[in-house]
Amino acid sequence: RLGYKQRNAPSLCSSHSSTTEERGKMLSTSTAAALRCAAAVRPRAGAVCSVASARYLSDLSVEIEHGRGQWKKYGDLTNFVPGKFQIKCHNKISPSGLQRFDADKYDVRRDGSEAANAHAILLRSHKLQEDDVAHTVRAIARCGAGTNNIPVARMTELGIPVFNTPGANANAVKELVLCGMLLGSRRVVDGVNHMRSLGEQGLARERVEKDKSMFGGREVKGKTLAVIGLGHIGSSTARDAAKGLGMDIVGYDPGLSVEAALKLPRNIKLADSIASAVTNADYISLNIPYIKGEGGTHGIINADIIDNCKSDAVFLNFARGELVDSDSMKAFLDRGDGRYVTDFPEDQCWDHPNCVVLPHLGASTEEAEDAAASMAADTIRDFLETGTIRNSVNFPDTSLPDRPEDCVRFTIVNKNIPGALAAITEAFAKGGLNITQQINHSRGDVAYNVLDIDTDGHDDVVSFKNVQEDITMTDGVLSSRIIYGKPGMGYAKNLGGDYFV
């Protein structure tokens, strides 16, 4: 089913003979039927060529190559379901999300199941390694907003889009942020622990009134909340804190989107820096992504920022633990009545009396897990079935209108270098194929193309075998895909000069 071909090696089509019974021992009946070689297919040390006739387009037969050259076998071919996209799941993915995959088109392999021929990967907290990603993988989606458990930069080099689910868990995290404000205001956790201790001593009824003064606090109404980062979670937190809790809001976000701005309370004050946003704030909510490297957000809440804060400010970090410099935060907590509430591990402050550390509960609600899994599944389906890219962290948003009748859709991933698009369109012209509509977008070092190819005017068979190889092996091209016919077919990669199809 899968193979390599040296770029300059001769075309190798097998003419082996074998009986139907012999073939059935290696491939399922449906797989054998799908492979339309003149001769039968037998995986061995040699090479095979198979051409699958996808289906008829008006009166035209469209041929797409599927499996050529030295075979690289993944898993057990008898466990492979042909004619379906195989989805590999890491972690326990919400059944509500997995139900979005049509059983007629998708073979969903849940966590722990063999999925060595995966076309896409779904995960939550699993730390993905490059070895987890087979050459067949077209896309990866995380059921959540953060993607720091995925080697995104390496996936970009391999031409694989990585998707996330922004906003799917926004309400769940927002509610925990609001809860954190109350925990940081009233010493609720200390009070719970104290009453448990009194209960063990049989003194709870006797001391319940006497000891309440030990856990005094303040109300949040009329206080100022600084929201750092006004995306889905930040804007929702700002809106509900203002409207529901009567707080004054100061916000900071240099990349504020129109969509997020429309969700903000009308009386919000926008600051021009983090330092100015936190200066008079009673509560500070961090809602920004964690970005490594120079110019990133690692340790962005450091001594320089904290020195601008009130001595009794409450920091709320339900974004990423690495945003806060632990030594600077401990020094802040030591010298005043400030508080720090987070749901990430904290090396320096975990046992500090003014610090509340929770398990990573932000998105741990049934509703959030359902929403994130459903969004991830829909994103993968759109990409596999139409080539549409949305909510990707490394590829540009790209969408082309529905494929016109009598057209075949191509998608091509290439390095963002001069001349690549011209070479791609020239390859179609050389093959006598007309482009009816196309779109080309780039993001950083990668470019993505979606093209619809007209088949009108061809008398019998429209073959994309040669043109796909020419395009895929063009300098700078990483992969190509023909979205037509049976799910899972028509994918080719340039693996350092080897043609994989």
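Colleague: Leaving aside its neighbours within four places in sequence, which residues is Glu 346 in contact with?

Modeller: Contact means heavy atoms within 4.5 Å. With those neighbours left out, Glu 346 is in contact with Ser 326, Tyr 340 and Val 357. This is a predicted model, in which local features need pLDDT of at least 70 and side-chain atom pairs count only at pLDDT 80 or more, while totals for chains, interfaces and linings use all residues. Residues are numbered from 1 along each chain as its sequence is written, and side-chain values use heavy atoms, with hydrogens and water left out.

Colleague: Where is the place of Glu 346?

Modeller: Helices (H or I, at least four residues) and strands (E, at least two) are DSSP runs, numbered from the N terminus. Glu 346 sits in the loop between β14 (339-342) and β15 (355-357). Across the protein, the secondary structure comes to 15 helices and 22 strands.

Colleague: How many salt bridges does the count come to?

Modeller: The count comes to 21 salt bridges. One of them links the side chains of Arg 207 and Asp 211, at 3.1 Å from N to O. Arg 207 counts as partly exposed because its relative accessibility is 27%, whereas Asp 211, at 9%, is buried. Another is formed by Asp 337 and Arg 339, whose closest N and O atoms are 3.3 Å apart. Here Asp 337 is partly exposed at 42% relative accessibility, while Arg 339 is buried with 10%.

Colleague: Arg 390 and Asp 382 also meet in a salt bridge. Are these two side chains buried, exposed or in between?

Modeller: Both come out as partly exposed, Arg 390 at 30% relative accessibility and Asp 382 at 27%. Their N to O distance is 2.9 Å. Salt bridges with shared partners also join Arg 100, Lys 105, Asp 378, Arg 381 and Glu 385 into one network.

Colleague: What volume does the second largest pocket have, and which residues are closest to its centre?

Modeller: On a 1 Å grid over the protein atoms alone, a cavity is a set of points where a 1.4 Å probe fits but cannot get out; a pocket is an open set with protein on both sides within 12 Å along at least five of seven lines, and lining residues have an atom within 4 Å of a point. Points are joined across faces, edges and corners, and the volume is the space filled by probe spheres set on them. The second largest pocket has a volume of about 360 Å³. Its lining has 22 residues, of which Leu 384, Glu 385, Thr 386, Ile 483 and Tyr 484 are the closest to the centre. α13 (366-386) and β20 (477-483) each supply at least two lining residues.

Colleague: How many cavities of 30 Å³ or more are there?

Modeller: There are four cavities of 30 Å³ or more. The second largest cavity holds about 70 Å³ of space. Residues lining this cavity include Arg 138, Phe 383, Thr 411, Ile 412, Ser 479, Arg 481 and Tyr 491. Two or more lining residues come from β16 (407-415), and likewise from β20.

Colleague: Which loops hold Asn 91 and Asn 391?

Modeller: Asn 91 lies in the loop between β4 (85-89) and α3 (95-98), and Asn 391 in the loop between α13 and β16. Phi is positive in Asn 91, near 70°, though this residue is not a glycine. Asn 391 also has a positive phi, of about 60°. Asn 91 is buried at 18% relative accessibility, whereas Asn 391 is partly exposed at 23%.

Colleague: Is Arg 266 buried or exposed?

Modeller: Arg 266 is exposed, because its relative accessible area is 90%. The loop between α9 (258-261) and β11 (269-270) contains Arg 266. Arg 266 and Ala 242 are 24 residues apart in sequence, with 9.5 Å between their C-alpha atoms.

Terms used: Salt bridge = Lys/Arg side-chain N within 4 Å of Asp/Glu carboxyl O. Buried < 20%, exposed > 50% of the residue type's maximum accessible area, 1.4 Å probe, protein only.
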